[in-house]
Amino acid sequence: MSDVLANLSPRSVWGHFASLAAIPRPSGKEERAVAFVTGVGESIGVAPARDARGNVVLRIPATPGREGAPPLILQTHLDMVCEKNRNIVHDFDRDPIRLRLDGDWVMASGTTLGADNGIGVAAALAAATDPSVKHGPLELLFTLDEETGLTGAMQLDPKLLSGRMLLNLDSEEDGVIFVGCAGGEDTLIDLKPSFRSAAFRESALRLDVSGLRGGHSGLNIVENRGNALKLVARVLSALIEEGVSFDLAAISGGSKHNAIPREAEAIVVPDPRAKAKLEAVTETALAAFRVELAKIDDGLRISWSPCPDPARVLAIADRDRLIQLLLALPHGVLAMSPDIPGLVETSSNLAVVQETEGKIRIVTSSRSSVAPSLTSVLGQVRAIATLSGAAITRKDGYPGWTWSRSVRRSKGRTRPTNASTCRRSRGSGGR
């Protein structure tokens, strides 16, 4: 066990978690994690089984006296969200997660922690290996590639399993059973702008928005955390409105469809004579953002720094088109549940902006536990993109799991969730 976690209880859970945290496991590259869980199975005499997609099951015999119980499936996923702060050197394909304790929390240093779903994997393995745990027949199901499209679960061969009851261990609260979740779908928006030479020379600046908490776009969207891409677009829009002349070479930020962007940047070439006004507009915008995000994202930082002149910039019409598109796309909570207090029913996340092969790609991820509402918000995203002249691709849609109103709730501890899978892991960005 990692020395950091050596004194944590239950040791069986934290020991498996520490071992898994040392294993790189980005989505689509989970084979080392597969080797780990199959190795644990083999150490207790259980041979693994896999389907054509690569999902793994360990069939754990019942403890003595529990042989007559029906098989129970414990399902987790092996991949993790791989995000880091910009100033952190970390290769998710090779480097272990650097664990640390912060009071009662296990955290990662500058990266996501991978407790989504590493803690679930650890709990399932502990149920199988800890002699103090009494259980009937268990089927430990480890699926692949959950974070980028749920493809392991989508392509699961049902013949791999015999149990009729499944507990998914990808939740975020102890003592809560989730009985429903949102459906969702990503939208890929591709702009093909025209480029030209910059009107100004030797005045290029990088606009950086940083210090935001980020978080998971299902679980944390209800907290109204700042979106760095939205803030960059708002600063640039304010410059235009105040008459500051500038060229725009690029906007970039975000890296995952299901993560709220916590950092973003823009490469700007302003009229050198407008430096004072640029700084004044930025200060005004920052003051406004701090009012909006008070007690939510108090770490927000906005800065300008010199950078090399870009080889090309967007044509002014395309500059404005991109900024207006980012301003118009929906982000955040769009509707709350009328049935469950505090439950987000419909939301959307402006997730990623990046330039590739001469086009600017924008990724949004929308969710709703009400199918017609999901259809509506996706239609809104596509309508806005169409008005901007962009090409649209629909991607990674999945249905919601509608909760039954006949479910008896006990003091609010049984409830549906807005997240496709729920998070409680704490990295530098709260995932």
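Biologist: Where do Trp-14 and Phe-17 lie, and how many residues apart are they?

Modeller: Both sit in helix 1, three residues apart, about one turn of the helix. Helices here are DSSP runs of H or I with at least four residues, strands are runs of E with at least two, and both are numbered from the N terminus. Before we go on: this is a predicted model, where local features need pLDDT of at least 70, side-chain atom pairs count only at pLDDT 80 or more, and totals for chains, interfaces and linings use all residues. Residues are numbered from 1 along each chain as its sequence is written, and side-chain values use heavy atoms, with hydrogens and water left out.

Biologist: What makes the pair of Trp-14 and Phe-17 edge-to-face?

Modeller: Rings of Phe, Tyr and Trp (its six-membered ring) pair if their centres lie within 6.5 Å; planes under 30 degrees apart count as stacked, over 60 as edge-to-face and the rest as tilted. Here the centres are 5.7 Å apart and the planes stand at 85 degrees, so the pair is edge-to-face. A search of the whole structure finds one aromatic pair, and both Trp-14 and Phe-17 are buried.

Biologist: Why is the contact between Lys-29 and Asp-93 called a salt bridge?

Modeller: The term asks for a side-chain nitrogen of Lys or Arg within 4 Å of a carboxyl oxygen of Asp or Glu. For Lys-29 and Asp-93 the closest N and O atoms are 2.9 Å apart, so the pair meets that cut-off. The two come from distant parts of the chain, 64 residues apart: Lys-29 is in the loop between helix 1 (11–21) and helix 2 (31–43), Asp-93 in the loop between strand 3 (72–77) and strand 4 (99–102). The structure holds 18 salt bridges.

Biologist: How do you know whether Asp-208 is buried or exposed?

Modeller: Buried means under 20% relative accessible area, exposed over 50%, partly exposed in between (1.4 Å probe, protein chains only). Asp-208 has 10%, so it is buried. Its salt-bridge partner is Arg-206, with the closest N and O atoms 3.7 Å apart. Arg-206 has 26%, so it is partly exposed.

Biologist: What makes strand 11 count as mostly covered?

Modeller: Five of its six residues are buried. As for its neighbours, two strands pair if DSSP finds at least two bridges between them. Strand 11 pairs in the antiparallel sense with strand 13 (residues 264–270) over five bridges, and with strand 14 (residues 301–306), again antiparallel, over six bridges. Leu-207 has Ala-266 as its bridge partner in strand 13 and stands opposite Trp-304 in strand 14.

Biologist: What makes a set of residues a nonpolar core, and which residues have the most contacts inside the largest one?

Modeller: A core is a set of buried Ala, Val, Leu, Ile, Met, Phe, Trp, Tyr and Cys residues joined through side-chain atoms within 4.5 Å. The largest has 46 residues, and those with the most contacts inside it are Leu-236, Leu-248, Ile-251, Leu-300, Leu-322 and Ile-362. Helix 5 (residues 228–241) supplies the largest share, nine residues. Another core lies apart from it, with 22 residues, among them Leu-20 and Val-34.

Biologist: How do you know that Arg-312 sits over the ring of Phe-195?

Modeller: The rule wants NZ of Lys or CZ of Arg within 6 Å of the ring centre and within 35 degrees of the ring normal. The charged end of Arg-312 is 3.8 Å from the centre of the Phe-195 ring. Arg-319 lies over the face of Phe-246, at 4.5 Å from the ring centre.
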